[in-house]
Amino acid sequence: MSETKSVFEAQNIVKRFGRSAVLKKLNLRLKQGEFVSIFGPNGAGKTTFLKISAMIISPSEGNILVFGENIKNAGDLARVEIGFIAHDTFLYRNLTARENLKFYGNIYGIEDIDSTINHCLESVGLLNRAEDLVSKFSRGMLQRLTIARAFLHDPTIMFLDEPYTGLDSTASVFLNELIHKFYNTDKTGILTTHNLDQGYDLATRLVILNNGRIEFDADKDSISKNDFRDKYTEIISS
Amino acid sequence: MIYISQIVSVIRKDIIAELRTKSTIGAMLLFGLTIVVVFSFSFNLDLQEQKNLAPGLLWTAFIFSAILGLNYSFSSEYENGCMQGLLLSPIPRSAIYIAKLISNSIFILFSELVILGFFVWLFDVRFTMNWHWFVLLMVLGTIGFSATGTIFSAISAETRMKVFILPLLQLPMTIPVMIAAVEATSILLGKETKFTFDAWSTMLLVYDVIFITLSVMLFEYILEE
């Protein structure tokens, strides 16, 4: 295993909306197999950072490198490596579950698409609802299909933006299983969350983002959950 | 090759969703046909008046129904954050534009054909040249209108006043299309104008090429902003 290989790197990321800077010279480097939980209060810049990392929006300054390649040059090639679970489902209401996944599968150029879709739907317990319109899905089923969409193209780097918020218990179980499978295969992930327990348990590395800056960054092994909780409270209340 | 397959995927997705809901084409047809029916009660055109008035009436119905359709063009992309899903995926931004342009053109052309059928029936319009030329004119005019409409629809889709903003941006930019389409239609109905049918249709073609090229180049920046 190439432990020192940098899979993802954010270099001096600044993001301004109007005159206010949401991210202020943010640096983060992830090695293969790392799973980073980013904690922070509302407005800390967590979602903005993930959207920049996933190339949905561009930074005002700074660079994102995926496998050492600047995404400004790598663009569409780098996007194939990235998966993203956000607050929105990214699903079309007037298409069936299968049609939605087929659409994204074709965009990602997935070969053997039908069996991949069946496998993904099965892994979230929706194979028997594959031909149903997404507009007929319950909230929990939508969340499970969102998880299937994100893992469909077998990304190497996964960004999860508050993935457990509003998730029902069934969907949480499916997501937990997929996340564990994901980083057991030596892949890399960034999770943002308010939930200290959940974020701590899943991570290999802990980051606290506050006012657009990284104010704490350490391996999970170097700090206990209680000490981390105290550190988080101290940073947020300072 | 994947570029074309990505374009086809977006078009297929749009067509499947439209066949299921019929919301865009339904709204365009209802609006366009209402205009034609109202005009048919207001004007009783003889052959000479037909040459003068019919092209303007017909393209008015086409243009306003098309604007209504373009208003819906990016709505589905912004529901559930689907546009973010597209931006996240490895599809070039230009492919998104070209796919939406083709989808829009297909929907607008379909509704124009139905509106044209009603117009010809209600006004008893006679083309002096082969009607195939009018189909060519419709295709060139529709592509020109969609070329700018698609990009302005992307700009206005997330604004609160999109129904107002889209025509505000779109109509001034497509004045050359409207003039060329109306003049060329007049020629097809037997009216003599300063320029030939070929000159007007060439003007439409040049407009289409310029605006599609510009839009392809600018679409990435527009999505980003």
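The paragraphs below go through a sheet and then the helices of chain A. This is a predicted model, in which local features need pLDDT of at least 70 and side-chain atom pairs count only at pLDDT 80 or more, while totals for chains, interfaces and linings use all residues. Residues are numbered from 1 along each chain as its sequence is written, and chains are lettered from A and ligands numbered from 1 in the order in which they are written.

In chain A, an open sheet is built from four strands in the order β2-β1-β4-β5, with antiparallel pairing. Strands (E, at least two residues) and helices (H or I, at least four) are DSSP runs, numbered from the N terminus; two strands pair if DSSP finds at least two bridges between them. At the edges are β2 (20-31) and β5 (69-70) of chain A, each pairing on one side only. Five bridges join β1 (residues 6-17) to β4 (residues 61-66) of chain A. A:Val14 stands opposite A:Glu61 in β4(A).

Helix α1 (residues 46-53) of chain A lies across β1, β2 and β4 of chain A, at about 120° to β1(A). Axes are lines fitted to C-alpha atoms, for helices over the stretch in contact, and angles run from 0 to 180 degrees between N-to-C directions.

Helices α4 (residues 97-107) and α5 (residues 113-123) of chain A pack at about 125°, with axes 10 Å apart. Therefore α4(A) is oblique to α5(A), as angles under 35 degrees count as roughly parallel, over 145 as roughly antiparallel, 65 to 115 as roughly perpendicular and the rest as oblique.

Methods: Contact = placed C-beta atoms within 7 Å.
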